[in-house]
Amino acid sequence: MSENKITYIKNDILQEGYYSVEHKSGLRIYVYPKEDYASTYAVFGTKYGSIDTRFKRSDKADFTEIPAGTAHFLEHKLFESEELDAFQRYAKTGASANAYTSFDRTCYLFTCTGNFKENFQILLDFVRHPYFTEETVQKEQGIIGQEIDMYKDSPEWECLFNLLDAMYVNHPVKIDIAGTKQSISEITADMLFSCYNTFYNLSNMALAVAGNTTVEEVLEIADSLLEADEDVTVERAFLEEPAEIVKSYVEENLPVATPVFAFGYKESHETHERTLEEEIAMSIILDILAGQMSPLYKELLDDGLVNHTFSTEYFNGYNYAAPIFSGESTDPVTVAEKIKKRIAELKKTLITEEQFETVRKKQYGKTVRAFSDIDTLANGLVVSHFEIEELFSEFEVIKNLKLSFVNELLLKAFDEKTTVLSVVCQQKN
Amino acid sequence: MIFRKKLWKHLPQYDNILFILRKDKEIIGSGKMKYNFNKETVSKGAELCNITAEGFKSACVTISFVLPLGEKASLYALVPNVLTRSSAKYPDITSIENKLALLYGAELVADITKTGEHQVLKLGVSCIDDRFAFDGESITAECSKVLFELVFNPKLQDGVFCESEVESEKRLLCERLAAEVSDKRVYAKNRCEEIMFSEEAYGIHRLGSVEAINKITPETLYEAYREMLSDAKITVCVSGKTDYDAVRKLVADYTENLERNTVTNKTVFIETANDVKYTKETEPVKQGKLVMGFRMGMADADDNYAARRVMVDLFGGSPHSKLFTIVREKMSLCYYCSARMVRAKGVMFVQSGIESYNEEKAKNAILQQLEDIKKGDFKDSDLKASIKALEDSFKSVSDSPEALDSWFMSQCVSGGYRYPEEFIEEFKKVTREDIIKAAQDVTLDTVFMLEGTAEGGESDE
């Protein structure tokens with residue numbers, strides 16, 4: 001492609017929109033201008049997260065397997081260069097920079113209120129120019145080892161990964177995003193270059209900028225800095241995941257005042273990923289089941305069984321999905337029992353039209369609000385791109401959602417045979 | 001989709017920096033979005049602030065009560081929680097939450113903070129802008145009514161708060177305190193403050209203590225509530241495009257019959273530390289935590305603030321700071337290491353996560369960085385970078401009504417409301433000499449070390 005192809009996507013409710021650019025380099029670029037804002041937020045992401053441990057390049061014959069934690073390791077290393085590291089460069093222009101690795105992506109970001117162009121150049125430059133040697137890789141093994149230790153002191157983090165470990169037999173979502181001390185010790189500079197060349201191909205990445213900028217400004221810099229990559233795509237492979245769980249209860253001892261718990265239902269689906277409609281329907285179900293306006297929440301609160309940390313989420317991604325209830329409780333087993341009981345009741349009575357409309361209104365309000373936050377917008381654009389969704393489609397889905405669809409989902413979900421309860425509590429003497 | 005999905009992201013080393021900036025309430029929202037700040041006094045001593053701005057997707061209304069920080073801290077801290085649990089009109093949590101859901105998912109907040117030696121209780125509601133309502137109703141006016149009902153018209157039983165709800169909220173507050181003990185980073189910081197300010201009111205935790213919470217009864221709590229209504233400085237703040245007149249009327253209606261007798265107090269500033277207090281504890285955790293508390297030589301919150309704030313950023317507030325680039329990156333002594341200033345008390349804290357056997361080395365390295373600044377051993381480019389970083393974060397204040405509320409209400413204790421731009425102008429004037437002078441005013445007061453006794457990770461075996 002020799003020209004950029006620009007489309008403007010507008011939303012009638014918000015009366016605003018964003019540009020979607022098929023850049024001539026092969027990268028997809030999104031620009032959501034907010035001229036009234038002082039800040040600008042940019043995020044450059046690759047669809048490469050902790051679960052991508054087995055893959056094949058389109059120009060290679062065989063699948064490669066890499067140690068757990070490689071995506072996160074690479075994220076750390078990209079900040080370095082032969083001269084000034086990215087932080088030192090941002091310091092000169094004034095920006096707050098960061099990066100994160102999740103299960104399915106790695107993102108580099110910054111936010112600033114001035115010198116956007118310079119900051120944006122730094123972002124595009126360092127993400128496109130990896131630099132590491134065996135020596136710097138070794139040094140990083142020590143630093144990340146410490147980081148892994150620090151997360152081992154975090155009860156919520158441990159509780160979640162213990163849950164996933166008990167829930168999944170083979171899926172790499174069960175392994176800590178940062179890997180283990182053992183797995184990261186196997187990482188070499190060559191391996192990092194190979195992963196970089198596979199996953200940091202522009203066709204596997206997305207760039208989004210939201211805030212005080214224009215599409216012209218973004219493209220001027222992108223045009224001058226981004227060269228097309230070789231035509232390579234990546235194919236991921238996952239081991240078959242059985243429908244069964246590993247074990248239904250798991251406990252770890254850490255110094256916590258109130259025990260921390262996570263209670264989830266492993267789901268099996270015929271398709272790899274959940275649709276936006278399914279995700280929204282499930283979050284409505286979870287809100288009606290256990291949200292702050294639910295009878296269950298009031299009962300648990302009145303009985304002294306949960307506190308304000310109690311929450312729900314529909315945890316899902318490629319080949320994994322699980323509604324999870326989590327929080328702190330002196331008696332997690334009873335909490336899990338009450339959740340099961342409430343689900344059984346709701347499956348009998350089903351969700352009423354009134355409940356549904358109330359929660360739908362709440363969802364609509366939350367979606368509107370999300371569009372004022374440039375952090376959410378820029379990250380949302382990148383995530384939507386990776387999931388092949390359009391950012392505004394959420395409004396349509398909420399508007400068109402049918403109660404019958406939600407109730408059908410409720411009846412199918414929450415299989416009592418696949419529940420896992422994970423508890424982190426103080427050692428009992 | 002991230003609107004619903006929790007972002008389980010591994011935020012590594014840099015997370016610390018953002019954390020510090022956010023805690024300072026300085027990354028909050030600026031600049032081009034046109035907004036105006038006004039205040040007036042409505043009825044008996046209730047101050048009403050109005051931040052008008054158009055174009056936002058949300059609006060918010062908050063009520064702040066400023067009280068002296070003292071032995072009643074636990075009682076006062078429990079009040080906002082009980083008020084948002086039920087009211088005469090909304091008898092339980094379910095009916096409140098149902099009402100908020102129908103108001104397009106409006107959010108209720110009850111926040112307790114410590115500003116110098118004051119305890120600030122803030123109750124508020126934030127909602128979507130009226131233009132997004134389906135039937136053209138005023139969401140902000142309706143949300144304000146809910147908020148005022150909750151705060152000024154509680155559900156009573158025999159003339160006091162409802163016992164079962166008080167007991168339930170006592171448990172919840174105790175568990176919040178307990179969670180701060182579990183989080184060793186927070187615990188170490190809290191212990192350092194407790195030891196450093198054992199002779200000052202500032203040593204009291206913003207939520208008081210578990211012992212004090214356990215002694216609360218519906219009677220004593222109701223008495224504290226009445227005191228709050230009469231003694232506290234009350235500030236109502238309305239931000240966004242709102243029905244201001246409707247809120248003004250609510251303030252007048254709900255406060256006109258209150259007996260007002262505002263109590264004021266002044267935060268004690270101790271400029272210089274004498275001896276260094278040292279305390280060490282052990283816990284079966286993997287990573288050790290070292291916290292150091294310093295006096296900054298300030299006579300009051302405005303005493304040469306700009307220079308000191310820039311100095312703290314240069315010392316340990318940014319990714320280009322000495323603590324980050326030298327102690328953490330170059331010497332690999334700390335997993336995280338940063339400095340934070342508490343302007344309202346004239347002190348600074350350095351927090352770090354270390355291998356316990358590195359305690360002495362880390363402590364010496366941290367102090368050495370401060371010595372180097374005192375000697376003028378820092379680059380002009382780093383000074384510039386610090387000023388820029390502060391400019392950047394102060395400018396972003398105007399990007400949301402919640403951020404504007406947060407910015408202006410963090411000044412409600414003194415009531416001398418200043419715009420972020422005024423601070424930025426002062427930062428820009430800070431010179432190398434000012435930084436050296438500010439660093440020379442700093443003295444070490446307290447060191448708290450939490451030694452980790454748990455074994456390391458799997459590869460050590």
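Reply: Here is a short walk through the whole chain, its strands, a helix, a loop and the contacts. This is a predicted model, in which local features need pLDDT of at least 70, side-chain atom pairs count only at pLDDT 80 or more, and totals for chains, interfaces and linings use all residues. Residues are numbered from 1 along each chain as its sequence is written, while chains are lettered from A and ligands numbered from 1 in the order in which they are written.

Me: Let's begin with the whole of chain B. How many helices and strands does the secondary structure of chain B come to?

Reply: Helices (H or I, at least four residues) and strands (E, at least two) are DSSP runs, numbered from the N terminus. Chain B has 16 helices and 13 strands. Its radius of gyration is 23 Å, close to the 23 Å that the globule rule gives for 461 residues, so chain B is as compact as a globular protein of that length. That radius is taken over C-alpha atoms, and the globule rule is 2.2 Å times the number of residues to the power 0.38. Along the principal axes, the C-alpha atoms of chain B fill a box of roughly 60 × 50 × 50 Å.

Me: What share of the residues of chain B count as buried?

Reply: A residue is buried if 20 or more other C-beta atoms lie within 10 Å of its own, exposed if 12 or fewer, and partly exposed in between; C-beta atoms are placed from the backbone. Of the 461 residues of chain B, 52% count as buried.

Me: Now a strand. Which way do the residues of β12(B) point?

Reply: In a regular strand the side chains alternate between the two faces of the sheet. Look at β12(B), residues 347-354. B:V347, B:F349, B:Q351 and B:G353 point one way. B:M348, B:V350, B:S352 and B:I354 point the other way. All of these are buried.

Me: Which strands pair with β12(B)?

Reply: Strands of a sheet pair through backbone hydrogen bonds, either parallel or antiparallel. Two strands count as paired if DSSP finds at least two bridges between them. β10(B), residues 288-295, pairs with β12(B) in the antiparallel sense over eight bridges. There, B:G288 has B:I354 as its bridge partner. β11(B), residues 334-342, is also antiparallel to β12(B), over eight bridges. β11(B) and β12(B) form a hairpin with four residues between them. In the turn, B:G346 has a positive phi of about 70 degrees.

Me: Is β8(B) parallel or antiparallel to β2(B)?

Reply: Parallel: seven bridges join β2(B), residues 46-53, to β8(B). B:N50 stands opposite B:V238. β3(B), residues 58-68, runs antiparallel to β8(B), again with seven bridges. There B:S64 faces B:T235. β8(B) covers residues 233-240, and eight of its eight residues are buried.

Me: Next, a helix. How far does α10(B) reach?

Reply: The expected span of a helix is 1.5 Å times one less than its number of residues. α10(B), residues 305-316, has twelve residues. From first C-alpha to last it reaches 16 Å, close to the 16 Å expected. Eleven of its twelve residues are buried, among them B:V310, B:M311 and B:F315.

Me: And a loop residue? Where is A:L84?

Reply: A:L84 is in the loop between α1 (70-78) and α2 (86-93) of chain A. A:L84 counts as partly exposed because it has 14 C-beta neighbours inside 10 Å.

Me: How do I read domains? Which ones does the domain assignment of chain A give?

Reply: Domain bounds come from an automatic or database domain assignment. For chain A it gives domain 1 (5-236) and domain 2 (249-425). Their C-alpha centres lie 28 Å apart. Two residues are in contact if their C-beta atoms, placed from the backbone, lie within 7 Å. By that rule, 37 residues of domain 1 of chain A are in contact with 30 residues of domain 2 of chain A. α5(A) gives the most to the domain 1 side, with nine residues.

Me: Last, the two chains. How many residues of chain B are in contact with chain A?

Reply: 69 residues of chain B are in contact with 80 residues of chain A. α5(B) gives the most to the chain B side, with eight residues.
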